[in-house]
Amino acid sequence: SGGQEAPLVAGIIQLTENESFSDMREGFIERMRELGYGEDEMEFLCRDAGGSMATLNTFCQSMVAERVDLLVPIVTSATQAVVSLDSDIPVIFISVTDPVSAGIMTSMDVPDKNATGTSNEVPVEALFALAEQLTPGIKTCGILYNTGLTNSVVTAARAKAYFDAAGISCIERVVTSSAEVQRAAADLCAKADAIYVPIDSTVLAAMPQVAEAAKEAGVPVYGSAPSMVSYGALATVSVSERETGRRSADLADLYFQGTPIAEIPAVVADDFLTV
């Protein structure tokens, strides 16, 4: 019955700012507030590393040093950076495509590195069923992505497996920075009937240039996130990013209600949106 207890602090961290990540972040915060974590109960410390891995690592270290109550990294790069610090602060990640291959947990059911959260299922089959209706007769599909990003590699591999099974030939163009995207997109437009962009923050940052090249060539672009469509892709079937953030908040609530992280399996978000 003393004074007001200090509010809990959730440290939200992301490599860069884009529409996808802000939807995830806002979904998380919105749901925590709905669950009763009002402004007196919880503060959100948000850090955006402006695309720099070095800055991301510095932010992760400072949040650990500041002893936040919960670390909330957005997507794979930030989650790997947080988990590699091996601190005793629990981690609830948002939207890691494949937490097991990213080295964040041994299996989806076993959070053994003090980290759990949401994984985003990538519905390649549903997307290309839609593509067959919108732009029938795709024989060659280009994939544009950055092999340095785990999410991109995992999603691209799923797309390639699908193309193999569907008898669609596949051309890949790999970029390492957003500056390379325009030329790679133009190259694919000259050779492919359609372009698929996996979950990839590097390409997302240059999505308007991809859309411009594709529009000139009359080649449809299919994306893996709703934000890609707002930046000019033709369509996507993907997980609602806001919903993924909200599902992560539900897991954070379980932790604050007393369930150990080790007993909160990761959740696959599969609330698909067609945009």
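Visitor: How many bridges join β6 to strand β8, and in which sense do they run?
Guide: Three bridges join β6 to β8 (residues 194-196), and the two strands run parallel. Strands are DSSP runs of E of at least two residues and helices are runs of H or I of at least four residues, numbered from the N terminus. Two strands pair if DSSP finds at least two bridges between them. G142 stands opposite I195 in β8.

Visitor: What kind of model is this, and how are residues numbered?
Guide: This is a predicted model, in which local features need pLDDT of at least 70, side-chain atom pairs count only at pLDDT 80 or more, and totals for chains, interfaces and linings use all residues. Residues are numbered from 1 along each chain as its sequence is written, and side-chain values use heavy atoms, with hydrogens and water left out.

Visitor: Back to β6. What does it do with β7?
Guide: β6 pairs with β7 (residues 169-174) in the parallel sense over six bridges. G142 stands opposite I171 there. Together with α5, β6 and β7 make a right-handed β-α-β unit; right-handed means that, with the strands pointing away from the viewer, the path from the first strand over the helix to the second runs clockwise.

Visitor: Is β6 buried or exposed?
Guide: Six of the six residues of β6 (residues 140-145) are buried, so the strand is largely enclosed by the rest of the structure. Buried means under 20% relative accessible area, exposed over 50%, and partly exposed in between, with a 1.4 Å probe and protein chains only.

Visitor: Which residues sit on each side of β6?
Guide: T140, G142 and L144 are on one side and C141, I143 and Y145 on the other, and all are buried.

Visitor: What about β5, buried or exposed?
Guide: Six of the six residues of β5 (residues 115-120) are buried, so β5 too is largely enclosed. β4 (residues 91-93) pairs with β5 in the parallel sense over three bridges, with V91 opposite A115. Three bridges also join β5 to β11 (residues 267-269), again running parallel, and N120 stands opposite A269.

Visitor: New topic. How much space lies in the largest pocket?
Guide: About 380 Å³. A pocket is an open set of points on a 1 Å grid over the protein atoms alone, where a 1.4 Å probe fits, with protein on both sides within 12 Å along at least five of seven lines; lining residues have an atom within 4 Å of a point. Grid points are joined across faces, edges and corners, and the volume is the space filled by probe spheres set on them.

Visitor: Which residues are closest to its centre?
Guide: Of the 34 lining residues, V75, N120, N151, I199 and D200 are the closest to the centre of the largest pocket. The largest share of that lining, four residues, comes from α3.

Visitor: And how many salt bridges are there?
Guide: The structure holds 12 salt bridges, each a side-chain nitrogen of Lys or Arg within 4 Å of a carboxyl oxygen of Asp or Glu. One of them is R31 with D250, the closest N and O atoms being 2.8 Å apart. R31 lies in α1 and D250 in α10, so the pair ties together parts that are 219 residues apart in sequence.

Visitor: Which residues are linked with them in a network?
Guide: The network of salt bridges links E26, E30, R31, E34, R242, R246 and D250. Within it, R246 and E34 meet at 2.8 Å, N to O.
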